[in-house]
Amino acid sequence: MDILLPVIIAYLLGSIPSALWIGKLFYNTDIRTKGSGNLGATNTFRVLGPKAGFIVTVLDILKGTAATLLPLVMATDVHPLILGVIAVIGHMFPVFARFKGGKAVATSGGILLGYQWPLFLLAVAVLLIALKITKMVSLSSIILAVVSVIYTVIYTINTGDYLFFAVILTLATFIIYRHRANIARIRAGTEPKIKW
């Protein structure tokens, strides 16, 4: 139970479908039937507007952070990064939303906030700069994933934290894979762009 309970809690935290619940509770909208149908912050911004999008982004980040910080409040030998990854899996395959969730960008960022906050700040800066230049959330998320891996390579060389490298590489792989349809649209020149 010392291992199983925090793992279950981390998964359930990740499974909280922020976009779905915010949409239904405050906008009478099932976001799965609108826009891209994705249960993530980007689709929330597009369908429900900036206020809902910001709230969902914060909530999705905090899911990853809360899972990563579980060892501080529970007696467990499970590494915080492992619990963070489990929360990300919960976000992508949420039990509360028929196992169809978001693309894991914000929840992955939550892990960084809880475990390596300088990388979180760098990630936010990279995302905003990439958004300003490309005007595409999907491409900016992919750029963010690549930059995070590069940062982590340098960090690992200096610290020897190989688990951190493995986790960031795994999260980056998740993010890029979950954006495969977006990549096809980017190549075709049909990927939607945001307006500043």
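Visitor: By class, how many nonpolar, polar and charged residues are in the lining of the largest pocket?

Guide: The lining of the largest pocket has 25 nonpolar, 15 polar and six charged residues. Ala, Val, Leu, Ile, Met, Phe, Trp, Tyr, Cys and Pro count as nonpolar, Asp, Glu, Lys and Arg as charged, and the others, Gly among them, as polar. Please note that this is a predicted model, in which local features need pLDDT of at least 70 and side-chain atom pairs count only at pLDDT 80 or more, while totals for chains, interfaces and linings use all residues. Residues are numbered from 1 along each chain as its sequence is written, and side-chain values use heavy atoms, with hydrogens and water left out.

Visitor: How much space lies in the largest pocket?

Guide: About 1,100 Å³. Of the 46 residues that line the largest pocket, Thr 42, Val 105, Leu 127, Val 137 and Ser 141 are the closest to its centre. On a 1 Å grid over the protein atoms alone, a pocket is an open set of points with protein on both sides within 12 Å along at least five of seven lines, a cavity is a set where a 1.4 Å probe fits but cannot get out, and lining residues have an atom within 4 Å of a point. Grid points are joined across faces, edges and corners, and a volume is the space filled by probe spheres set on the points.

Visitor: Which elements give two or more residues to that lining?

Guide: They are helix H3 (41-48), H4, H7, H8, helix H9 (137-159), helix H10 (162-178) and helix H11 (180-188). Helices are DSSP runs (H or I, at least four residues), numbered from the N terminus.

Visitor: And what lines the second largest pocket?

Guide: Its lining consists of Ser 36, Asn 38, Lys 103, Arg 178, Arg 180, Ala 181, Asn 182 and Arg 185. Four of the residues come from H11, the largest share. One is nonpolar, three are polar and four are charged. The volume of this pocket is about 150 Å³.

Visitor: How many cavities of 30 Å³ or more does the structure hold?

Guide: There is one, and the largest cavity has a volume of about 50 Å³. Its lining has 13 residues, with Ile 16, Pro 17, Leu 39, Lys 63 and His 91 nearest the centre. Helix H1 (4-15), helix H2 (18-27) and helix H4 (50-68) each give two or more residues to that lining. By class, the lining has five nonpolar, six polar and two charged residues.

Visitor: Turning to helix packing, at what angle do H6 and H10 pack?

Guide: Helix H6 (residues 80-92) and H10 pack at about 10°, with their axes 10 Å apart. Axes are lines fitted to C-alpha atoms, for helices over the stretch in contact, and angles run from 0 to 180 degrees between N-to-C directions. H6 and H10 are therefore roughly parallel to each other. Angles under 35 degrees count as roughly parallel, over 145 as roughly antiparallel, 65 to 115 as roughly perpendicular and the rest as oblique.

Visitor: Which residues make the contact?

Guide: From H6 they are Leu 81, Ile 82, Val 85, Val 88, Ile 89 and Met 92, and from H10 they are Leu 163, Phe 164, Val 167, Leu 171, Phe 174 and Arg 178. Contact means heavy atoms within 4.5 Å. The contact has 11 nonpolar, no polar and one charged residues.

Visitor: What about H7 and H8?

Guide: Helix H7 (residues 105-115) and helix H8 (residues 117-134) pack at about 140°, with axes 6 Å apart; they are therefore oblique to each other. Gly 109, Leu 112, Leu 113 and Tyr 115 of H7 meet Trp 117, Leu 119, Phe 120 and Ala 123 of H8.

Visitor: Where is Tyr 155 placed?

Guide: Tyr 155 is in helix H9. Leaving aside neighbours within four places in sequence, Tyr 155 is in contact with Gln 116, Gly 160, Asp 161 and Phe 164.
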